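The entries follow the order in which I went through them.

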Amino acid sequence: MKKNLEYNLNSPVSALLIFGGVTLLGLFLLGLLSQLLITAIKRPEASMRIAAVFQDVLVFIVPAFVAALLSTRLPARLLAVDRKPDLRAIFGAVIVLLVASPALNYIIDWNQSWQLPESMAAVEEYMRNMEERAQAATELLLGGHSVGSLIMSVLIVAVLAGFSEELFFHGALQRILMATRINAHVVIWLVAFIFSAFHMQIYGLVPRMLLGAFFGYLLWWTRCLWIPVFMHIFNNAVVVVSCWKNGVPAADGEVPDYLSGLPVGVQIAIFALSVILTAVALRYLYLLVKHDKHTGSISDSSAEHTPLA
């Protein structure tokens, strides 16, 4: 499948090696700094928030910028941060996320109910323990019931995390892999899986992967990183506010569930309707972006016009 990339890499393999090497260095430095923070700061929620900022900078932002600067003469073009976002595309993406929320909630519940065979009980226990540790870390990160705590959580968990993760996974990793011979759809779903697996929460793997794929297609269609960045921030902000309001950490993409008490038949109908509306909204968004590429309002004449399917 022809991708018609608007950026040139000296060598995608070298770019991946630089990207991976700087990421490993960032993880190493983060481990050292985290130990220092635990020793120096007695308030767990404060040390967790500072560690989250260090993670976003050292593990996500720095590797993306270093790889872009060393791999191409057009680093901003590689990271897709050199174009202004189209407001209509953002509006269409928000509609997609809203109509997909009921179906996504059911998928979240299904993923959280996963059970392995009895022969793999030890593996399941290990994964459950990882999930509990992640839940505890989330509670610390989102701790506090004041408005100040809410603002701090939105800035760290929504704004900074949304920007840094999109820059790392889609601006850098996806765009570098797009320069290889791998099929574009395979790249998007591979990066979505890596994005979800990186969070080390198996019981949130599927919904987070679906969100990652959505953000990946947004970038591929629009060639503007700011649109998936905005959507990532919007999604995380909804989760943060929901958690702050209800006092319970929520999964990525999860909104308050008002449907669980309905009859099964009604729930199935709502799920099916949500899936249909999501497909329609995605098609509308794709056609909107494709039309704007032809007219030049989103990108130049070298844009790729390869459909989703």
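**Aromatic rings and a buried arginine**

I began with W114, which at 27% relative accessibility counts as partly exposed (buried means under 20% relative accessible area, exposed over 50%, partly exposed in between, with a 1.4 Å probe and protein chains only). W110, at 47% relative accessibility, also counts as partly exposed.

I note that this is a predicted model, in which local features need pLDDT of at least 70 and side-chain atom pairs count only at pLDDT 80 or more, while totals for chains, interfaces and linings use all residues. Residues are numbered from 1 along each chain as its sequence is written, and side-chain values use heavy atoms, with hydrogens and water left out.

I then looked up ring pairs (rings of Phe, Tyr and Trp, the last by its six-membered ring, with centres within 6.5 Å; planes under 30 degrees apart are stacked, over 60 edge-to-face, the rest tilted), and the count came to 14 aromatic pairs. W110 and W114 form one that is edge-to-face, 5.4 Å centre to centre with 85° between the planes. The rings of F168 and F169 have centres 4.8 Å apart and planes at 80°, so this pair is edge-to-face; F168 is buried at 5% relative accessibility, and F169 is buried at 1%. Ring pairs link F168 and F169 into a cluster with F19, F60, F195 and F198.

Lastly I turned to R49, in helix 2 (residues 44-71), a DSSP run of H or I with at least four residues, numbered from the N terminus. R49 is buried yet has no salt bridge (a side-chain nitrogen of Lys or Arg within 4 Å of a carboxyl oxygen of Asp or Glu), and the nearest side chain of opposite charge, E45, is 6.6 Å away.

Technical notes:
Helices (H or I, at least four residues) and strands (E, at least two) are DSSP runs, numbered from the N terminus. Lys and Arg count as positive and Asp and Glu as negative; His and the chain ends are not counted.
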